[in-house]
Amino acid sequence: MEWCTGMLVYVLASDTTVKISRETLSHLERLRGEMKARSIDETVMALIKSHRRKILAGVFGADKGRVRPFAHDDRGEDR
């Protein structure tokens, strides 16, 4: 970790850095503990995956609760 004027630079990899405030780092560290993640990177990836799941649930859940399961009587050849 490196400190610079009012911001914390958190080194995620040898060639990548991300500037975040100390407050944001504090929130991420708290989440890391709650999620039992091994690192801040793992915490951020879990948050990204969670966000993607929410988006997909919204797109593919449009008829959730309104569509009944397929039944044997729904087969077309029996009509």
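**Briefing: burial, salt bridges and a surface patch**

Of the 79 residues in this protein, 11% count as buried. The model is a predicted one. The protein contains two helices and three strands, and from the N terminus on these elements follow the order β-β-β-α-α.

**Overall surface and contacts**

- The accessible surface of the protein amounts to about 6900 Å², and carbon and sulfur atoms account for 55% of that area.
- Among contacts between residues at least 6 apart in sequence, 4% link residues at least 24 apart.

**Salt bridges**

- The whole structure holds three salt bridges.
- One of them joins the side chains of Glu29 and Arg32, with an N to O distance of 3.0 Å.
- Glu29 and Arg32 both belong to helix α1 (residues 22–35), and because they are three residues apart there, about one helical turn separates them.
- Glu29 has a relative accessible area of 28%, so it is partly exposed.
- Arg32 also has a relative accessible area of 28%, and it too is partly exposed.
- Another salt bridge pairs Arg30 with Glu34, whose closest N and O atoms are 2.9 Å apart.
- Arg30 and Glu34 are four residues apart in helix α1, which means that about one helical turn lies between them.
- Arg30 is partly exposed at 45% relative accessibility, whereas Glu34, at 52%, counts as exposed.
- A further salt bridge connects the side chains of Arg38 and Glu42, at 3.1 Å from N to O.
- Arg38 counts as exposed because its relative accessibility is 74%, while Glu42, at 29%, is partly exposed.

**Two residues of helix α2**

- Thr43 is found in helix α2, and Leu56 lies in helix α2 as well, which covers residues 40–60.
- Leaving aside residues up to four places away in sequence, Thr43 touches Leu28, Leu31, Arg32, Met35 and Ala37.
- Arg32, one of these contacts of Thr43, is also the salt-bridge partner of Glu29.
- Leu56 has a relative accessibility of 49% and therefore counts as partly exposed.

**Nonpolar patch**

- Which residues form a nonpolar patch on the surface? Ile55, Leu56, Val59 and Phe60 do, and together they have about 440 Å² of accessible area.

Notes
Residues numbered from 1 in each chain as written. Predicted model: local features only at pLDDT ≥ 70, side-chain atom pairs only at ≥ 80, totals over all residues. Heavy atoms only, no water. Patch = residues over 30% accessible without salt bridge, like charges linked within 9 Å, V, L, I, M, F, W, Y side chains within 5 Å. Areas by Shrake-Rupley, 256 points an atom, 1.4 Å probe, with all protein chains shown as cover. Salt bridge = Lys/Arg side-chain N within 4 Å of Asp/Glu carboxyl O. Buried < 20%, exposed > 50% of the residue type's maximum accessible area, 1.4 Å probe, protein only. Contact = heavy atoms within 4.5 Å.
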